[in-house]
Amino acid sequence: MYHIVKPGETLSVIAKNYRRPLSELLGANPSIVNPGLIYPGQRLVIPGLPEPDSIPYTIIVSRGKRSLTLLYNGAIQKVYPIAVGKMLTQTPIGEFVIVNREPNPGGPYGVMWLSLSKAGYGIHGTNNPSSIGQSVSQGCIRMYNQDVLELSRIVPNGTRVRIQP
């Protein structure tokens, strides 16, 4: 897959966001001679992830509606209730991809963690199902455990996740 460098991003931040070692990013992008010299608009290969356009699924998260909509080739497949970040730790708006997953991460994350291409953020289950439908998280997207398991069985890594206000 490819990442388009945004203003202010560094190669180490991009590596962290995609959970890839810096050396792996450099190996996949031999045109980068100096890791400190990347520029906005530059297209970088992110090894190990499929191109999102090759995946028929897209996830749309509405912070305001507190819903996660799963699309298949643009058609709504299912809408799930979610919890989002509270006022001081809002869920970030933007376009991301699922970069990896961890079953049974423990603690407040329920039965599944799907990492987004922004370090520290993910879609996960919860040990507090009464929080679903509210703005209470540290910025992650919480789902009922059975829902995040269902979603994780459907969507592969590389799936595009669009978070809207």
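1. A quick term before we start: a polar contact is a pair of N or O atoms within 3.5 Å; within protein, one must be able to donate a hydrogen and the other to accept it, and residues adjacent in sequence count only if both atoms are side-chain atoms. With that in hand, look at threonine 91, whose side chain reaches the backbone oxygen of glycine 139 at 3.0 Å. A polar atom of that threonine 91 side chain also lies 2.8 Å from the backbone nitrogen of glycine 85.

2. Before going on, keep in mind that this is a predicted model: local features need pLDDT of at least 70, side-chain atom pairs count only at pLDDT 80 or more, and totals for chains, interfaces and linings use all residues. Residues are numbered from 1 along each chain as its sequence is written, and side-chain values use heavy atoms, with hydrogens and water left out.

3. Where does threonine 91 sit? You'll find threonine 91 in the loop between strand S6 (84–85) and strand S7 (94–103); strands (E, at least two residues) are DSSP runs, numbered from the N terminus. Threonine 91 is buried, with a relative accessible area of 2% (buried means under 20%, exposed over 50%, partly exposed in between, using a 1.4 Å probe and protein chains only). Leaving aside neighbours within four places in sequence, the contacts of threonine 91 (heavy atoms within 4.5 Å) include Arg63, Val84 and Ile163.

4. Now the sheet. It is open, with 8 strands in the order S5-S4-S3-S12-S7-S8-S9-S11 and mixed pairing; two strands pair if DSSP finds at least two bridges between them. Strand S5 (75–81) and strand S11 (141–142) are the edges, each pairing on one side only. S3 and strand S12 (residues 160–164) run parallel, joined by 5 bridges, and isoleucine 59 stands opposite valine 161 in S12.

5. How many aromatic pairs turn up in the whole structure? The search finds 2. Rings of Phe, Tyr and Trp (its six-membered ring) pair if their centres lie within 6.5 Å; planes under 30 degrees apart count as stacked, over 60 as edge-to-face and the rest as tilted. Tyrosine 57 and tyrosine 72 have ring centres 5.0 Å apart and planes at 55°, so this pair is tilted. Tyrosine 57 belongs to strand S3 (residues 57–62) and tyrosine 72 to strand S4 (residues 67–72), so the pair ties together parts 15 residues apart in sequence.

6. For tyrosine 109 and tryptophan 113, the centres are 5.2 Å apart and the planes at 80°, so that pair is edge-to-face. Tryptophan 113 counts as buried at 13% relative accessibility, whereas tyrosine 109 is partly exposed at 34%.

Key
Helices (H or I, at least four residues) and strands (E, at least two) are DSSP runs, numbered from the N terminus.
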